[in-house]
Structures are given as structure tokens and as C-alpha cells.
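Welcome, and please open the model in your viewer. We will go from one selection to the next and look at what is there.

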Amino acid sequence: MTQYSMDQLTAFCKRKGFVFPSSEIYGGLQAIYDYGHYGVLLKNNIRDAWWKHMVQLRDDVLALDSAIFMHPQTWVASGHVASFDDPQVDCRDCKNRMRADHVLEGHGISADKASLEFVNQELDKLRAETKLRCSACGSQNITPARRFSLMVKSNIGSPTEALCEENVVYLRPETCGGIYLEYKNTLNTLNPKLPFGIAQVGKAFRNEIVAKQFIFRTREFEQMEMQYFLRPQEMAATYEMWKEIRWQWYLQFGIQPERLRWYKHEKLAHYASAAYDVEYDFKFLGGFKEIEGIHARGDWDLSQHGKHSGVDLSYQDPQSKEKLVPHIMETSVGLGRLFLMFLDHAYTEETITNAKGESETRIVLKLHRDLAPVKVAVFPLLKNKPALVEKARAIYSALRPYFACEFDDNGNVGKRYRRQDEIGTPYCVTIDFDTLTDDTVTIRDRDTMAQVRMKAAELRGYFRGQIEN
Ligand code: ATP
């Protein structure tokens, strides 16, 4: 049975140019990562697949790209300044910092949205039973839990010598704040009728208490959120509809249903009527973890912003003239978490027999074709035969306006296949001496490794039938 560790995936992502630790030449910066060439291509494809389903294919969802900085009052109104925090404990011996609610969860105690008092009571019980230990060094010398604000502060418009409280702005902790603030402009300019949604993709920042989870939990990350505005009586049915839409999206991109499950939040915020998370069973993280949240938020957000700004954020029905503050249902997912989920799903190690009859391990990313960073790799059989290289270049140039392609003439064909398997390229096209006489090429399939012969002129039509994005 293969053992998987996050360190293994982290090393793979770096070796293949997917994800790099940030600021590495200065020793790195905890929980911040950069995406390299193939990482950007994969991340953009995941983002586009979400966008297509959430906006392009729908009549009722509109687009937004709001700024990261917003008026600081935004986060006072939403409650983030006062209470967006996690309980933290520190190991006095090795200085390891842990989320106290996660420590409790590790002992089967649910501390979801629990008070600090409850968390400390439960920690004390574990301490008394000598079960409270540091996850890094095993020490029992653990501090009581404290609140740790997740808000990241910045200053704008300040002279250097006056970086003071009054100029504080926050880097948004979630992208939906911008959607609430632009709800009125969207309504006034585009006149959508209830129910309708506003979607956006963008950066969010949280001062996370870090556990070693690679890009699962980072301090700077991208969220893809959709806020759906509706009448309260529409909530129950709409909520079920979006749960089903989002579930099907995962299946469409190849995630097996047995590796997905719903987690129902039992403790809800006072304004919420339902909150479910989609959880995915990570082989690299050792079990089910949250990927996406789907929440029925009542009229809390618009009411709060209406109250704090003094601006009327109600909606008037054009026919009945009924006025109401719309209720909101949201879907919220981290792009980096989806990236990690798709890698976790796709990463496969197989034992195969190579051309010399020896067995070897093949690493292959079995990504859904539409998500693969490169769709088609084109090879000349031999690098030192100008006629083959010229023909291969011509085929590559004809395909690349339509599909993400890569030209590769390094090493032998077997090595090139391995390289493309590792980045998840679904098709490799090899140009050989027969191509020069009958214009046929070999197409090799990533998953089955089967090879078929086809006319070069038919390649575009063939790939168009296989790849949507
Ligand atoms: P968690 O319980 O894991 O801290 P959360 O419940 O606070 O997450 P939400 O505020 O509901 O998360 O955010 C919605 C989604 O945004 C999450 O399901 C996740 O995919 C993503 N997300 C939240 N925080 C982070 C983070 N620090 N790094 C990466 N993605 C994140």
C-alpha cells in the first residue's frame, strides 16, 4: 500500500515547476507560496472551469472584480474586526503554534465556533489526562488558548513616519465583502431580478495559525465566491439546488463520489439557517478536509452594511413594488485548495514495464483533460534529423492556436513520455519517418499508454472532440 505524505507532494510540485515556496532565497515566508509555469496553467484552468459553470453557463449570475482594499468600516460592519479569530495554543518548549480547535478535534471533541472558555475547559481536561501534547515535539508544556485575529492590517495614504492606527486598512479576509458593497451598483446598472448571483475570483488574506499543510492553508490565497440574492421563501429550495450544482461540478471534473462528502455545521451563526462544507478525502493529508462552504446567510450582510453605511440596500420588486432586503446564499471555495484536491486526485504511481522489459515506476497526473496544463505535446522522433524537426514544428504551430501545446525534442521518446505524464499531458504526438511519406503521426494516450496512428491533418478535429477547454 503506497504511503503518501504532504512533503512528497510539496517536493514533486517544486521539482515539476508547479508550486514554489515564496521568497526561498531569503529562507522563505511561512504559508505563502508562488505558482510556477505549470502551476499557473493548471490553476487558470481550474478557475476557468469554475467561472464557466458559475457565470458563462448561467443567465442569473453576474461578474465582479472588486478591489482588495475596502473602506475599513466594511469589516467592522461584517463583525470581522471584533471576532474573526481562531483559538491558539503554543508549545512553550519548541514554540510550535497550533489551532486549539484542531487539537481538540484530534481528540474527537468538536470545537466548531466554540467559545474560548469552552476550548480552555476541554484543553484542561486533556491536560489532566496527560493527553495534551505538542504536535511537533510531543511536549506537554502547552499554553492555555488565546484568541488570534485572522485579520491582516496594512496602511495606505500614510507618510512613512505616521504608520498609525487611524490609517489602518485591512487586506480582505474574504472576497464576498466586495460583492456586498457592489450589490447596489450592480442592481442599479444591470437591473437583475431576484433571484440573482454575483461571482468573483480574487485574493484574500488571513493571518492563519500555521500548520504544515502546504497550499491547503495559506496566508495569501485566492477565493472563488458566488453570492446569490433571493427572497427568504426561496432559500430552502435554492440552497438544495446549489448544493446539487456544486456536487455535480466535482464529479464532472473526475472526482470520485466516494471521496467527497457533506459536513453539516451544527453550530450556526445567529443569522444563518444552514451551513454545509464539501469535504474531500485527501490521500496526502490523511483524510477528509474542507474544500468549499455553502451557506444560507439570511439578510445579515446587506442589513449590516445598510445600517453601518446609512444607505438603503433594499430591493424593490418591479411588478409588485414589494421592498425587501434580499437574503443571501453563498458558495465559497479556495482556488489553491481545489488545486491541491485535483493534484491529490490525479497523482498516481504505477509500476510499468519499459521498452527494455524492465519494470519501473511511472508517475502520472491523471488530471481531467480540460484541466491539464498542457493538452498536446509534439515530438520529432529524433532531434538530429532536420526533416523530422521541421515537420514536427509545422504540426506544433498548426495546433498551438487551439490547444495548450508543448514542443519537446530532449532525450528519447520514452523520457519525453515520462516528463509529459508527470505534468498530466493527455496526448503526445510523435512525428517519425513514415510521417514524411504518408503524413500520419502516432498519438499516445496518457492514461492507457495506447498508441494510434492518424493523419496529421485530422489532429485538430480529433483533439477538438476530446478537449473542451
Ligand atoms: P477553515 O475551517 O479550513 O479555516 P473556513 O471555514 O474558515 O476554513 P471559509 O471562511 O468558509 O473557510 O472560506 C471558504 C473557503 O475558502 C474554504 O472552504 C477554503 O476552500 C478557502 N479558504 C479559507 N481559508 C483558506 C486559507 N487560509 N488558505 C486557503 N484556502 C482557504
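How many nonpolar, polar and charged residues are in the lining of the largest cavity? Before selecting anything, note that this is a predicted model, where local features need pLDDT of at least 70, side-chain atom pairs count only at pLDDT 80 or more, and totals for chains, interfaces and linings use all residues. Residues are numbered from 1 along each chain as its sequence is written, and side-chain values use heavy atoms, with hydrogens and water left out.

**Stop 1: the cavity**

Select Trp75, Ser78, His80, Glu174, Cys176, Gly177, Tyr180, Arg297, Trp300 and Asp301, which line the largest cavity. Helix 7 (176-181) and helix 10 (300-309) each give two or more residues to this lining, and helix 7 gives the most, with 3 residues. Here a helix is a DSSP run of H or I with at least four residues, a strand is a run of E with at least two, and both are numbered from the N terminus.

A cavity is a set of points on a 1 Å grid over the protein atoms alone where a 1.4 Å probe fits but cannot get out; lining residues have an atom within 4 Å of a point. The volume of the largest cavity is about 30 Å³, taken as the space filled by probe spheres set on the points, which are joined across faces, edges and corners.

Now the answer: the lining has 4 nonpolar, 3 polar and 3 charged residues. Ala, Val, Leu, Ile, Met, Phe, Trp, Tyr, Cys and Pro count as nonpolar, Asp, Glu, Lys and Arg as charged, and the others, Gly among them, as polar.

**Stop 2: helix 2 and helix 11**

Next, show helix 2 and helix 11 (residues 335-346), whose axes come within 10 Å and cross at roughly 105°. That makes helix 2 roughly perpendicular to helix 11 (65 to 115 degrees). Axes are lines fitted to C-alpha atoms, for helices over the stretch in contact, with angles from 0 to 180 degrees between N-to-C directions.

For the contact (heavy atoms within 4.5 Å), select Gly39, Leu42, Lys43, Ile46 and Arg47 of helix 2 with Leu335, Leu338, Phe339, Phe342 and Leu343 of helix 11. These divide into 7 nonpolar, 1 polar and 2 charged residues.

**Stop 3: two loops**

Move to proline 195, in the loop between helix 8 (183-190) and strand 9 (196-205). A cis peptide bond joins leucine 194 to proline 195, with omega about -5°.

Finish at lysine 95, in the loop between strand 4 (85-90) and strand 5 (97-99). Lysine 95 is not a glycine, yet has a positive phi of about 70°.

How values were computed:
1 Å grid on protein atoms, 1.4 Å probe; cavity = no way out; pocket = protein on both sides within 12 Å on 5 of 7 lines; lining within 4 Å. Parallel < 35°, antiparallel > 145°, perpendicular 65-115°, else oblique.
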